[in-house]
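Hi there,

Here is the structure I promised to pass along. Have a look at it first, and then read on for what turned up.

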Amino acid sequence: MTLLGLGTYRSRDAVTSATIAAAAGCPLIDTAPVYGHGTHQAAISPVLRAHPRLRIATKVGYMTADQASAALFSKVISEAEALRRHSIAPDYVHYQVAMNRAEVQRDQLDLVHLHNPDHHRSGDRDALLARLRAAFVSLEALRDTDTVLGYGVATWNGFRDGAFSVRELIKLAQEASGGPETGLRAIQLPVSMVDIEPIRQALAGEGPVSAAEQAGLEAWGSAPLHGGELLSRISEGLADYVAFGATKAQAALMVAVSTPGLTGLLLSTGSADHWREAADVVDSPQLPPLRLKEICDLLQPVS
């Protein structure tokens, strides 16, 4: 059964979004230090306190200008990292995890993603993999102290551009932990009618979603509505082609949620009605693989 989680990146009112999702039994809220211009994590902490079983997934990577200044002052990042407002350096991983814990007011974080670790990789793939390994070493140390229950990688382009694969992430995590047992728990990537390739790959038993499922990792699909922009691209005819009588939003969610092996979708909404509508789609029977393949071929014909 595919889960429906709350993604707060696009939330205009993170507190309202989190309150609605938590009341509906949402299993996971995904956030990051930079969301809401650096305000979302602290803002939703009362909701997290009221729902202690609600999992929280946060991130280390991007930072606001103020966060970069504070990290530079604390000597956990370089001036170059402060300028580009991104780092997964070991010292910064420890520092930002501590900041995340303080902001969400939880001693233990369920999941910490490295946030677009391929950012500014400058084509040096070996250097990127080395940075990932070093970051995993820090996350394994935090797991040993029960500060972090698990970690993962949230990326927009990393799997698509070949910056890394799930298999490589597993290998790096094993090297970081010193054995087969690791804290690597999840991946997150865009899955939608715009980002159709992960769906096509999963139908063939290939790609990051299938690799994650085979390895026992969670695979969360982000931006199923492409930040809301997807709805303007879907015609009524296309929505009917997906499922007769479906709204544009329902059609988009049906396609994304039917991805084989997907653990869950992250949806951002501040409307209780929209949440219920999405939950109904997620709880409904998924599109059969052959039908989903036909839709993929229509949206992105195979040359």
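A polar contact here is a pair of N or O atoms within 3.5 Å; within protein, one of the two must be able to donate a hydrogen and the other to accept it. Please keep in mind that this is a predicted model.

Let me begin with H40, which sits in helix α3 (residues 40–50). Which backbone oxygen does the side chain of H40 reach? That of S11, at a distance of 3.5 Å. Leaving aside residues up to four places away in sequence, H40 touches T8, S11, A14, T31 and Y35. Is H40 buried or exposed? H40 has a relative accessible area of 6%, and because buried means under 20%, H40 counts as buried.

Next comes strand β1 (residues 3–7), where four of the five residues are buried. On one side of the pairing list is strand β8 (residues 264–267), which runs parallel to β1 and is joined to it by four bridges. Within that pair, G5 stands opposite L266. β1 also pairs in the parallel sense with strand β2 (residues 28–30), over two bridges, and I29 in β2 is the bridge partner of L6. To get from β1 to β2, the chain passes through helix α1 (residues 14–23), making a right-handed β-α-β crossover.

Finally, a look at E229. This residue lies in the loop between β7 (218–222) and α11 (236–242), and with 40% relative accessibility E229 is partly exposed. E229 and V194 are 35 residues apart along the chain, and their C-alpha atoms are separated by 9.8 Å.

Note on methods:
Residues numbered from 1 in each chain as written. Predicted model: local features only at pLDDT ≥ 70, side-chain atom pairs only at ≥ 80, totals over all residues. Heavy atoms only, no water. Buried < 20%, exposed > 50% of the residue type's maximum accessible area, 1.4 Å probe, protein only. Contact = heavy atoms within 4.5 Å. Pairing = 2+ DSSP bridges. Right-handed = clockwise from strand over helix to strand, strands pointing away.
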